[in-house]
Amino acid sequence: MSATFEADGRAVAAARGFVREALLEWKADDDIVDDAVLLTSELVTNAVVHAGTPIQVVCRLEAGAVRVEVEDQHPTRGLPEGRRESTLEEEQGRGLLVSATLASAWGVTYTRTGKCVWFQLDVDAYRAEHSATTLASPIGTTNELPALVGGSRIAVVRTDLEGNIRGWNGEAAALFGWSAAQVRRLSLAELFAWPDESGLALADVVCLARWQGECTVRHRDGRMVPVFVSALRGNGEDGEPTVVWLVVDRVHRALLDAGLPHPTTTQRAGSDEPDILPDSLVARLTLDEMVQRTVERARDVLGGDAAYLLLAREDETELEIRASTGTASGLPRRTRLAAEELLGGLNSSRLPVVHDDVGERSGAMILLRGTGMRSLLTVPLLVEARIVGILCVAAERPGRFDNDDAIRLQDAADRIALTLERARLAELERASRGWLSFLAEASDLLAGTLDQQMTLALVAQLVVPRLATWCALYTVDEGGMSQLAYVWHADESRVDALRSALEKAPAPEPRTTTGVRPWPDPASLPRPLGSDLAVSFPLVARGRSLGTLVLGRSGGTRFPRDVLALAEDLGRRAAVALDNARLYSERAATSQALQRSLLPPEVPEVAGAELAVLYTAAGEGNEVGGDFYDVSTLDGDTWRFVVGDVCGTGPEAAAVTGLARHMLRILAREGYSIPAILERLNTAILDEGPRARFLTLVSGELAVRAGGGLRLSVVSAGHPPPLRLRPDGAVDEVAEPQPLLGVLDELTFTADVVELEPGDVLLCVTDGVTERRNGDRLLGDDDGLNELLADCTGLSAGAVAARIQRAVTDFAPQPARDDIAILALRAR
């Protein structure tokens, strides 16, 4: 299957939809579909930005694999003078970097007329990677089985992604005392209390496909009931996301928990030590569950009072606490330390270390300050000679650990290091995919608007709260000074206070150099920002500084390096979107100012008649196109009017519109008759040469009759004829057709004289009315306009014009593609 897309802002979303539909039609696995759509998004984005030619996307289902090709018509791309070649980490190579990360195979093929970037996803590899794991546990001794005492109830609760309760079964009512009607007024967050050490909140859990864990539920009588919960996210009957929560009393945890009883005697062949992380558990545990079980078992095996485990971050220059237990359980998860500082404090990077009395030493021991711990044993988690983590066990008694303890703990660490590293890398890969999807969706959103204020709001709400607690965007004014343009906070009630504080803080200096910078010294920030950590990113596009993106985190929490890299990438995309919005706004303002100058002054009152004019220009942002009108007075009893149509629409047609309208008005004031004016206008249009466009019009002169009514002299030059509506509902044409202007030399025109009696209505329209299309039908077919006008008997001129305009709009579901001008005149 293949499809071709133009290189514009809609190509990326259209290509993603095409690939998704193709793979779903082939019944591909969801993981393959998601990765293929992500890769296609990045490759098509590169083609739009760097090639700028039509793009062809081809999907192939080959033996055991899905192959997608993205081909453009730009075989090579030169580098601007003085610019170094980009690396994969930079934006130009992101599509290839993603391909190298996710695809089973990928490549680039060059031809004389274009280039093709392709990737392949092996179906069997995906199914093996994402296959389900089956659990089977043999029955051992009696004391290994869980206790199932008392009556057991399984509550079933259904919520949406905001936690609003949509279903509550009878077991839930019996367990917690709330009826289904009562909980309809509550959210899950009001009933469930999450343990602080879990690091999760309701918003985190609903983002997961599946989750199991312990928490407490508020009973209707006020007490907190300990429970075990198994949550599963899916789609409801209406196709909307939903979460199903299975809840049991904690003593009946075994009903839902697939885990085995806590191992006490399981041993690895060839070792006398208990296995900290049995193989039977590894396949069913998340990384957080693995590290938590690891620290608990390490503490128990060595008889320590506390234990904690640190794992390396993405670039392995930092380590962070991932789990703790015992006295050290108060250590905040995700606390980060520089690897160099941490390992230096342990005195050795690759050997176990026993500290008889840590006192107030630096390094890893700084984490134990104030905990009462005196002795510490640390061992590295080594994989291919790299330190990927550190396992620590502490005790309140000095000299608690010896070399034998160090050997035992190191042996256990060696056995689990590879398992934890695989889980850590898998977690990083999932996070990377999430960030890449986030960038792809952000790019689609930013490309979907050309309004500068909307772009600022989108950027702020994309980064908060996902990347930062609050966000501020500064733009550069004409004087080159930074001005606070938009502020957003995760807590909307604090937006005004944040804005007030930022207005008192020094604005960041505009800069064109890339990179993140701290902004400013937190101590110099007014309250409530004094304890916040803030960083700034320049918004630079096409070598011009457009402003600054400032991100802040409460409480001085450091920004992870991956978040800073993501924010910098998003800032580059936001800068391009802002610059596009700026250019569009400037061009639109200029165009509208010029177009407004082509519109005639206000329509004058015509003695002895009601006059109404309605005008609509085709095209977004256009106020004047190829259709035009004008009404002017020659003296107190005579008026001239014109309704015309220049070939085409938009600015080019508007230029001829200006020539025609001004020439008609000037020559009329010089006393020329309508035929003489049209003959001279025809010559002037032909004199324009290649820029000339043919023109049709109806021009007339109105004179008030002494006994009432109007005398009309009118010329219809290649235009839909003017129609007259009699008070009895009869409709007739009042002018003979004559040649259009701008095609033939030496034309001669004659005026038709028509008497308009009181109550008669004269209607002049452009072909935007008569040629309004709905499928194969035109509004003007089979005297359609005549019948429409006949239905307007007895209406005022304004009502006639409005009814014709509404009929044009309602004739077809799609918007009109041509300009529309309607002039209605009713004689008194």
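Helices and strands here are DSSP runs, numbered from the N terminus. I am working on a predicted model.

**Backbone entries**

I looked up R542 and placed it in the loop between β21 (533-541) and β22 (544-553). Its phi is near 55°, a positive value in a residue other than glycine. I then checked accessibility. R542 reaches 58%, so I count R542 as exposed, the cut-off being over 50%.

I turned to K27. K27 is not a glycine, yet I read a positive phi of about 60°. K27 sits in the loop between α1 (11-25) and α2 (30-50). Its relative accessibility is 69%, so K27 goes down as exposed.

Next I looked at a peptide bond. V464 and P465 are joined in cis, with omega about 5°. I located P465 in the loop between α13 (452-463) and β18 (470-476).

**Ring entries**

I searched the whole structure for aromatic pairs and got four. I noted W168 with F176: ring centres 6.2 Å apart, planes at 55°, so the pair is tilted. I found both W168 and F176 buried.

I also noted Y615 with Y629. Their ring centres are 6.0 Å apart and their planes stand at 50°, so I logged this pair as tilted. Y615 belongs to strand β23 (residues 609-616) and Y629 to strand β24 (residues 627-635), so the pair ties together parts 14 residues apart in sequence. Y615 and Y629 are both buried.

My last entry is a charge over a ring. I found R67 over the face of W118, 4.2 Å from the ring centre.

Definitions and conventions. Residues are numbered from 1 along each chain as its sequence is written. This is a predicted model: local features need pLDDT of at least 70, side-chain atom pairs count only at pLDDT 80 or more; totals for chains, interfaces and linings use all residues. Side-chain values use heavy atoms; hydrogens and water are left out. Rings of Phe, Tyr and Trp (its six-membered ring) pair if their centres lie within 6.5 Å; planes under 30 degrees apart count as stacked, over 60 as edge-to-face and the rest as tilted. Buried means under 20% relative accessible area, exposed over 50%, partly exposed in between (1.4 Å probe, protein chains only). Helices (H or I, at least four residues) and strands (E, at least two) are DSSP runs, numbered from the N terminus. A charge sits over a ring if NZ of Lys or CZ of Arg is within 6 Å of the ring centre and within 35 degrees of the ring normal.
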